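Keep the structure open as you read.

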Amino acid sequence: MGASVTGWGKRSILSAAVTVVCAVTVLGAPGTAFAAPKPTPNTSPSPSTTPTPPPGKDLEKVREQLDKLYHDAAVATDAYNAAEEKAKQQSAEIVALAKKIDEGQQTLTKLKDQAGAAARAQYRTGGIPPTAQFLLSDDPGQVLDGAGLLLQGQRATKSLISELTSTQKQLQAYAADAADQWKKLDADRKDKAAAQKKVQQQIDAAKKLESKLQKKEQQQLDQLEQQAALKAQTDWLDTGILKKIHGKASAQGEKAIAFATEQLGKPYVWGAEGPQSYDCSGLTSQAWAAAGHPIPRTSQEQWKQLQHVGIQDMRPGDLIIYFDDASHVALYIGDGAIIQAPRPGRTVTIAGAGSMPILGVVRPDA
């Protein structure tokens, strides 16, 4: 897929329905990190229609409050996802350690059986020193041969004891490591529970605030969001940035975009990574996993671990990280557009790449 074509509607990967949405609404996508674009009606208002009064200052405050609540929910979601990933890794480590402990126990049992057999063999010989056996024997040559075997047996016994000691130490180390991993797992579970509680608190507060709005006020609030997004996107485009962006998608980048495109319309659910719903980093991480190139799960880790590229150097398939705390991420698809999972109550959608404050750009397949 090319990095830039004239008009998003010419991108072969997008369906006809998406083309219409892009052409009409992308620049008017809501102005938060979470809003979804809405198609412009095809019919014009009749001359007698009363224009909608401009939103008041109180609604602007509501919009700002909602932006903050959903932003805080996004930050908490990232913390939840990070704790979830750590818990998965530690659980896997504990399982691996348990397997090592089980194998070590089996080895230890086998070694103890060998030691027991050696002890029984020594008991059967009466424990007589080799010199005495030589003097008392009717066949000294046989005793000498036996002495050689005894020396080999002593060496084998020494090796056996050494292996027993080493295995016991390994088991102790595995047990200590497992205990440490359990402590970390418990801590991360607590962190995850705390983050989950905070996410829900922010979303509940946002829903409560929105529930106080009348239908007309909600429509005006939507207009405010669209106006804020339009202004941000227009300001970004007015810098002439698109004239500097000429990169073309890599083969993996095209696959990531194709995957994300197939998810359009699916609901945002915090902590979700498909296949029925996504949060912002769940969508980008799964898109790149589908492209055969796994990346970190959270937007903050994507920002920390992936290679940074300049905005003018970005290409379709790159990830745009938003806000100073890297709390939101979207997939750049070219021509100044992104695919994103916005916020609770919205769906995976196409929006303007500049409709939110850009922190930077990262490239998964650098």
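By class, five nonpolar, four polar and one charged residues make up the lining of the largest cavity. The model is predicted.

**Largest cavity**
- The structure holds two cavities of 30 Å³ or more.
- The largest cavity has a volume of about 40 Å³.
- Its lining counts 10 residues. Nearest the centre of the largest cavity lie Ala74, Thr77, Tyr268, Cys280 and Ser327.
- H2 supplies three residues, the largest share of the lining of the largest cavity.

**Second largest cavity**
- The second largest cavity holds about 30 Å³ of space.
- Of the 10 residues that line the second largest cavity, Ala73, Ala74, Thr77, Tyr268 and Pro344 are the closest to its centre.
- Two elements, H2 and helix H4 (140-211), each give two or more residues to the lining of the second largest cavity.
- H2 gives the most to the lining of the second largest cavity, with four residues.
- Which classes line the second largest cavity? Nine residues are nonpolar, one is polar and none is charged.
- Ala74, Thr77 and Tyr268 are named among the residues nearest the centre of the largest cavity, and they are also named for the second largest cavity.

**Second largest pocket**
- The second largest pocket has a volume of about 200 Å³.
- The second largest pocket is lined by 13 residues, and the closest to its centre are Ala82, Glu85, Lys86, Thr298 and Glu301.
- Helix H2 (57-124) and helix H8 (299-305) are the elements that give two or more residues to the lining of the second largest pocket.
- H2 accounts for six residues, the largest share of the lining of the second largest pocket.
- Six charged residues line the second largest pocket, along with four polar and three nonpolar ones.

**Helix H6 against helix H7**
- Two packed helices are described by the angle between their axes and the distance between the axes.
- Helix H6 covers residues 251-262 and helix H7 covers residues 280-290. Their axes come within 8 Å and cross at roughly 130°.
- That angle is why H6 counts as oblique to H7.
- H6 passes H7 in a right-handed crossing.
- Which residues meet in this contact? From H6 come Gln252, Gly253, Ala256, Phe259 and Ala260. From H7 come Leu283, Gln286, Ala287, Trp288 and Ala290.
- The residues of the contact of H6 with H7 include seven nonpolar and three polar, with no charged ones.

**Backbone features**
- Most residues other than glycine have a negative phi, and most peptide bonds are trans.
- Is the peptide bond from Gly274 to Pro275 cis or trans? The bond is cis, with omega near 0°.
- Pro275 is found in the loop between H6 and H7.
- Phe323 is not a glycine, yet has a positive phi of about 70°.
- Where does Phe323 lie? Phe323 is in the loop between strand S2 (319-322) and strand S3 (328-334).

Key. Residues are numbered from 1 along each chain as its sequence is written. This is a predicted model: local features need pLDDT of at least 70, side-chain atom pairs count only at pLDDT 80 or more; totals for chains, interfaces and linings use all residues. Side-chain values use heavy atoms; hydrogens and water are left out. On a 1 Å grid over the protein atoms alone, a cavity is a set of points where a 1.4 Å probe fits but cannot get out, and a pocket is an open set with protein on both sides within 12 Å along at least five of seven lines; lining residues have an atom within 4 Å of a point. Grid points are joined across faces, edges and corners, and a volume is the space filled by probe spheres set on the points. Ala, Val, Leu, Ile, Met, Phe, Trp, Tyr, Cys and Pro count as nonpolar, Asp, Glu, Lys and Arg as charged, and the others, Gly among them, as polar. Axes are lines fitted to C-alpha atoms, for helices over the stretch in contact, and angles run from 0 to 180 degrees between N-to-C directions. Angles under 35 degrees count as roughly parallel, over 145 as roughly antiparallel, 65 to 115 as roughly perpendicular and the rest as oblique. A crossing is left-handed if the near helix is turned anticlockwise from the far one by less than a right angle, and right-handed if clockwise. Contact means heavy atoms within 4.5 Å.
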